[in-house]
Amino acid sequence: MTSCGGLLLALCLAALTGTTAVAAAYGRTERNCSASPPYLPSTAVNTTLRLQELRVQMLLQNISAYIIPGTDSHLSEYIAPRDARMAFMTGFTGSAGTAVVTQTKATLWTDSRYWVQAERQMDCNWDLEIDVAVRSVAEWLISEVPPGGYIGFDPFLFSLKTQGDYSVFLESTNRSLMSVPVNLVDQVWTDRPPIPPGNLTRLPDRVIKRSWEMKVEHIRNQIRENPYEPTALLLSALDETAWLFNLRGNDIPYNPFFYSYTLLTMDEIWLFLHTERVTEELKVYLNTASCSGHLCVQLKNYDSVREHLQTYVDQPGVKVWIGTEYTNYALYEIITPEEKLMTSTYSPVLTTKAVKDETEQRILRDAHVRDAVAVVQLLMWLEKAVPEGKETELTAAAYVNKCRSKQKDSRGPSFETISASGPNAALAHYSPSEETNRRLTVDEMYLVDSGGQYLDGTTDITRTVHWGTPTAMQKEAFTRVLMGNIEISRTIFPSGTRGVNMEMLGRRALWEVGLNYGHGTGHGVGNFFGVHEWPVGFQSNNIPFRIGMFTSIEPGYYKENDFGIRIEDVVVIKPAKTKYGHNYLTFETVSLVPYDRKLIDTSLLSLEQLQWLNNYYETIRKLLGAELDNQGLHEEKKWMLKHTEAFMESGSSESVCSSSLTLIALAVTLLHNII
């Protein structure tokens, strides 16, 4: 490429001709703060006034800088609109990042998934840093904050590790962290959204095997058997309390959680939540009144958790067990002295919840079968509609969500649908808006990552398709992504193996030709919970795999400004039959949607990979076919059968059926000529 080729040429022209050319160069999607005047797309948010007001609050607190994480008091990945403080201050709505404001500068740190999105959403008050490590933020703070200066943070939004890492980097330089319990962003956010209305609900008996009383006793046994002799367990993650009591709420979009903490001892249960949302029926269910036993739930106001925890810790002979991944610093710092604290990375509730019981496994499988119906309906519809040139990323997203809403026990999508075509698909976590929406065409690849919440399970699936003629590079990249998915899916491993130890299997085929992807390879999935359920998955801080866990497998490849590929399936860990060993595991895929045939180059696949693919398609035909029959969806079944025809063991990307038909036609012609 020459020095002014492609996009760079457009930028060179922009520098010569001004803002109008800048807008054209960027396709009116990304800011250019170096232009004169600066160019801002319509998606950018004006943050001037809110920054001015925040800086006034900082002066009142005598702090030189203020750190704004993109999380809530429960250190959640997905947060409610009222907790989106980083988004309010920056305009950036990605799910990962850290913002820092001083009296003269404002900077956002986020990872590679969101760099382009940040450039589209932030105005020129903000700088963007691409190294998300705490060290990077700390080094920036050291350069901007004078010695002796204080750096403020909300302790409810910091994990123990985050606070510790900042302290290590900063205090040796005579710059100190300062805990500010009253959030400064909230002081200037005059129209901060309220907590959503609505009461809590309990799960029906048909989708649970263990009552909340059984779960409490099981967790108490783990407390009792712990050699460090804790007397209480503090639960801070939102899914911990929801799981323990078989309750669901609607405080977090796409996630059936409610603001809550639980403090559990051997004799008492304190549940901290917004008590006005607990119905009389639920009070009876939780044994809240006229109960004197050890299975009585005492309801406490959500905001009283710190005060109540302090009262408990002040007693002699107590020790509180916390999971450090989801306990905020505001609660941790009051559990003193140190001998009153016991820590583990994850609480026993999270590690117990990760292993699904027989009922949970069965109904989660069932949810994926019904969910596959909706995805098949989407792909079949798009196959017909896209050539007509009327459909867009937004209409496709709406269609799949509409299809899901018609399925049994549907409770809406499990996250904002990623519906992305062409260059938008190169953004791993892109979601369409009115400003960025693209029309779907037969000339571009299309990626759809979507999922549903059902009363019996949470789903997450990604398929990438092409309705025209893919390039050789697109076809090879897709096939190598598929090879990575298959290699993990069919691997056999000793029980207790961690996902991180096999994660490279998802990348190896890509690495062989110098390709890679910049996101994780998989995450846990639960029963009507968050679509990313920790601590299961393929990252270094995930727990070892055990029978009954569910995880996604989702390798990908993204060519900037061109296309994106991801293939995501959910699998369950099950026992593997081996010749000699008896303690080995493998994966079984429970997502049941075929891959795009025209994007698969079977000449790249090994015999074992082809056999796995054909076996998978047989499973789709059996399980999804029965469900399509049950729902009377005959056209959908016909489409599914066409797209799950067996592949030959080598050769082209076309199906055995298509190749065989060609051979049969040739044979018939020859016979006809002979006769």
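At what angle do the axes of helix H15 and helix H19 cross, and within what distance do they come? In this predicted model, the axis of helix H15, which spans residues 358-385, and that of helix H19, which spans residues 607-630, come within 9 Å and cross at roughly 75°. Because angles of 65 to 115 degrees count as roughly perpendicular, H15 and H19 are therefore described as roughly perpendicular to each other. On the H15 side, the contact is made by Val369, Arg370, Ala372, Val373 and Val376, which meet Leu623, Leu624, Glu627 and Leu628 of H19. Classified by residue type, this contact of H15 with H19 has seven nonpolar and two charged residues, with no polar residue.

The pairing of S15 with strand S18, which comprises residues 452-454, is antiparallel and extends over two bridges; within it, Ser410 stands opposite Tyr454 in S18.

As regards annotation, an unreviewed UniProt entry lists residues 50-161 under "domain: Creatinase N-terminal". In the model, the span of residues 50-161 is 34% helix and 19% strand, and its end C-alpha atoms lie 29 Å apart.

Technical notes. Residues numbered from 1 in each chain as written. Predicted model: local features only at pLDDT ≥ 70, side-chain atom pairs only at ≥ 80, totals over all residues. Heavy atoms only, no water. Pairing = 2+ DSSP bridges. Helix = DSSP H or I, 4+ residues; strand = E, 2+ residues; numbered from the N terminus. UniProt positions renumbered as here; feature names shortened; annotations may be inferred. Axes fitted to C-alpha atoms, helices over the stretch in contact; angles between N-to-C directions. Parallel < 35°, antiparallel > 145°, perpendicular 65-115°, else oblique. Contact = heavy atoms within 4.5 Å. Nonpolar A, V, L, I, M, F, W, Y, C, P; charged D, E, K, R; others polar.
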